[in-house]
Amino acid sequence: MSAPLPSVDGAVFVEVLTDEELSVVARPGPMPVTPFLDELDEAQRETARRTAYRSLLARGVLDPPTPEAVARAAAVRDGSVDLPVRDDVRSLVALREGAEMVVAVARSAAAWQDFWYAHVVKDVVLLEQVSSDGLHRFALLGAEELARAVLG
């Protein structure tokens, strides 16, 4: 069980993605945390990522790779393939990766724990709540509301 994203006037919900879905559409980095995926061994992690890929295809978040992308991946041999990602998800990944500053908060209560990140890019904040079961809930907020969101 996790708490909802902080209630902040002007915050706009964007999407919910799992740890394993984010591992398909975003580059790995030091944060945010990936609590579900981190608990899996390498074989289980690969199975989870393949299942996430199929789910993202089925939901229209991803399109299958083009023949050109497959050919480039075969030539590079690093295991990565460029995938066409739906615009809203591509935008949130770009905001997340391009943050000038990240405010990170761990919240704990008797019944739940979660991690809250505010990725700041100029006058926009991408709020990301990561629950202990590996669900990442995203919302957008104006940078002027960041202090109130953190205190909330």
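These are my notebook entries on one protein structure, a predicted model.

**Entry 1: the overall layout**

I began by listing the secondary structure. The protein has six helices and five strands. Going along the sequence, I read the order as β-α-α-α-α-α-β-β-β-β-α. I then looked at the dimensions, and the C-alpha trace spans about 50 × 35 × 25 Å along its principal axes. How does the radius of gyration agree with that of a compact globule? For 152 residues a compact globule would come near 15 Å, and the protein has 16 Å, so the two agree.

**Entry 2: surface and contacts**

I looked up burial next, and buried residues are 38% of the 152 in the protein. The accessible surface is about 8800 Å², and carbon and sulfur atoms hold 56% of that. For contacts with a separation of 6 or more, I noted that 54% join residues 24 or more positions apart. I also checked the charges: there are 15 positive and 24 negative ones, and their mean positions lie 4 Å apart.

**Entry 3: the cores**

Which residues touch the most other members of the largest nonpolar core? My note says Val25, Leu56 and Val89, in a core of 15 residues. Helices α1 (19–25), α3 (42–58) and α5 (87–97) each give this core at least two residues. I followed Val25 further. Setting aside neighbours within four places in sequence, Val25 contacts Leu56, Leu62, Val85, Val89 and Val93. There is also a second, separate core of nine residues, and Trp116, Ala118, Val120 and Val125 are among them.

**Entry 4: Arg86**

I went to the loop between α4 (67–76) and α5, where Arg86 is found. Arg86 has a relative accessible area of 29%; that lies between the 20% and 50% cut-offs, so Arg86 counts as partly exposed. Which residues does Arg86 contact, leaving aside neighbours within four places in sequence? I wrote down Glu15, Arg59, Gly60 and Val61. I also took one distance: Arg86 and Tyr117 are 31 residues apart in sequence, and 23 Å separates them C-alpha to C-alpha.

**Entry 5: Lys122**

Lys122 sits in the loop between β3 (113–121) and β4 (124–131). Is Lys122 buried or exposed? Its relative accessible area is 66%, so I put Lys122 down as exposed.

**Entry 6: Ser132**

I moved along to the loop between β4 and β5, which holds Ser132. Its relative accessibility is 42%, so Ser132 counts as partly exposed. Not counting residues up to four places away in sequence, Ser132 touches Pro35 and Gln113. I then checked Ser132 against Val76: they are 56 residues apart in sequence and 36 Å apart in space, C-alpha to C-alpha.

**Entry 7: Ala139**

My last stop was strand β5 (residues 135–142), the place of Ala139. Why does Ala139 count as buried? Its relative accessible area is 4%, and buried means under 20%.

Methods. Residues numbered from 1 in each chain as written. Predicted model: local features only at pLDDT ≥ 70, side-chain atom pairs only at ≥ 80, totals over all residues. Heavy atoms only, no water. Core = buried A, V, L, I, M, F, W, Y, C linked by side-chain atoms within 4.5 Å. Buried < 20%, exposed > 50% of the residue type's maximum accessible area, 1.4 Å probe, protein only. Helix = DSSP H or I, 4+ residues; strand = E, 2+ residues; numbered from the N terminus. Contact = heavy atoms within 4.5 Å. Rg over C-alpha atoms; globule rule 2.2 N^0.38 Å. Areas by Shrake-Rupley, 256 points an atom, 1.4 Å probe, with all protein chains shown as cover. Lys, Arg positive; Asp, Glu negative; His and termini not counted. Charge placed at Lys NZ, Arg CZ, Asp CG, Glu CD.
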